[in-house]
Amino acid sequence: MIIDILTIFPEMVASPLEESILGKAVERGLIAVRILNIRDFATDRHQTTDDRPYGGGSGMVMKVEPLVRAIAHARAADPPARVILLSPQGRPFSQDVAWELSRERHLTLVCGRYEGVDERVRRHYVDDEISIGDYVLTGGELPALVVVDAVARLLPGVLGCSESTAEESFAHALLEYPQYTRPDIFEDHQVPEILLSGNHAAVRRWRRQQSLRRTWQRRPDLLKEADLSDGDRELLAEVIGDDGKSTP
Ligand code: 4HQ
């Protein structure tokens, strides 16, 4: 998959793409990330990318010409890009949206700054608009990295075979069960006995029950979407009323 990131702060997005799983994915050619500086597409002497808003008011607006030239450059590639603007007004990003984007061959992520981009860019030159959440950031760069990270890990070969994204999508809508590693006792804190038992069926049951309980306690909204089996309902009934803080 080709991913372009259009930004006036290329250094802000570069290093996260060099580390760890994303860095490996790039090295192995599973994703090709091209960071394009919008400033390079400005045509005036000062390479201006922003200007004052028509109608007055505070802050600056990203100019239409450099953005449209940068987008045209990305679209001219083969295969042509799906162009996505990161903005609080976009459709909410989610695991489902990440799966959807993972099926594309070429994405172009447009990062705005200041008060945002000229409305004509949004209306006529962008295919999709995505928000990573209901809070206000200083620019679209961090949201673009969030999207790249969530999408890249779904591509075949990006994760080691131990972490299965298909399994994840199956279990989807439930929170993860608690994880422990050595030592089995740290200060006063014991790892739940069942995890040391070697009883794989009992461990599976306990983990499923923990996922259900956590989801019930912290994200009941997710539980409404999950299709629970009769067995799940029984597991949940056993632990409803637990405060989630007591030792399991
Ligand atoms: N911004 N999800 C303002 C965001 C944002 C978000 C991006 C701030 C664009 C101009 N983007 N700029 N939340 O807060 O995507």
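A polar contact here is a pair of N or O atoms within 3.5 Å. Keep that cut-off in hand for this tour of a predicted model.

**Stop 1: the ligand.** Select the ligand and its shell. There are 17 surrounding residues, and the closest are Ser-87, Ile-132, Gly-133, Tyr-135 and Leu-137. Now show backbone atoms. Ile-132 places a backbone N or O atom 3.0 Å from a ligand nitrogen. For Leu-137, a backbone N or O atom lies 3.0 Å from an oxygen atom of the ligand. The protein covers 94% of the 360 Å² of accessible area that the ligand has on its own.

Stop 2: Colour the shell by class: nine residues are nonpolar, seven polar and one charged. Then select β5 (82-92) and β7 (128-131), each of which supplies at least two shell residues. β5 gives the most, with three.

**Stop 3: cis peptides.** Go to Asp-78 and Pro-79, joined by a cis peptide bond with omega about 0°. Pro-79 sits in the loop between α3 (64-75) and β5. Next, select Arg-182 and Pro-183: their peptide bond is also cis, with omega near 5°. Pro-183 belongs to the loop between α7 (165-170) and β8 (185-186).

**Stop 4: positive phi.** Select Ser-20 in helix α2 (residues 20-27). Its phi is near 55°, positive in a non-glycine residue. Ser-20 is exposed, at 58% relative accessible area. Finish at Tyr-114, in the loop between β6 (106-111) and α5 (119-125). Phi of Tyr-114 is near 55°, and Tyr-114 is partly exposed, at 38% relative accessible area.

Note on methods. Residues are numbered from 1 along each chain as its sequence is written. This is a predicted model: local features need pLDDT of at least 70, side-chain atom pairs count only at pLDDT 80 or more; totals for chains, interfaces and linings use all residues. Side-chain values use heavy atoms; hydrogens and water are left out. A residue is near a molecule or strand if one of its heavy atoms lies within 4 Å of it. A polar contact is a pair of N or O atoms within 3.5 Å; within protein, one must be able to donate a hydrogen and the other to accept it, and residues adjacent in sequence count only if both atoms are side-chain atoms. Accessible areas come from the Shrake-Rupley method with a 1.4 Å probe; for residues, only the protein chains shown count as cover. Helices (H or I, at least four residues) and strands (E, at least two) are DSSP runs, numbered from the N terminus. Ala, Val, Leu, Ile, Met, Phe, Trp, Tyr, Cys and Pro count as nonpolar, Asp, Glu, Lys and Arg as charged, and the others, Gly among them, as polar. Buried means under 20% relative accessible area, exposed over 50%, partly exposed in between (1.4 Å probe, protein chains only).
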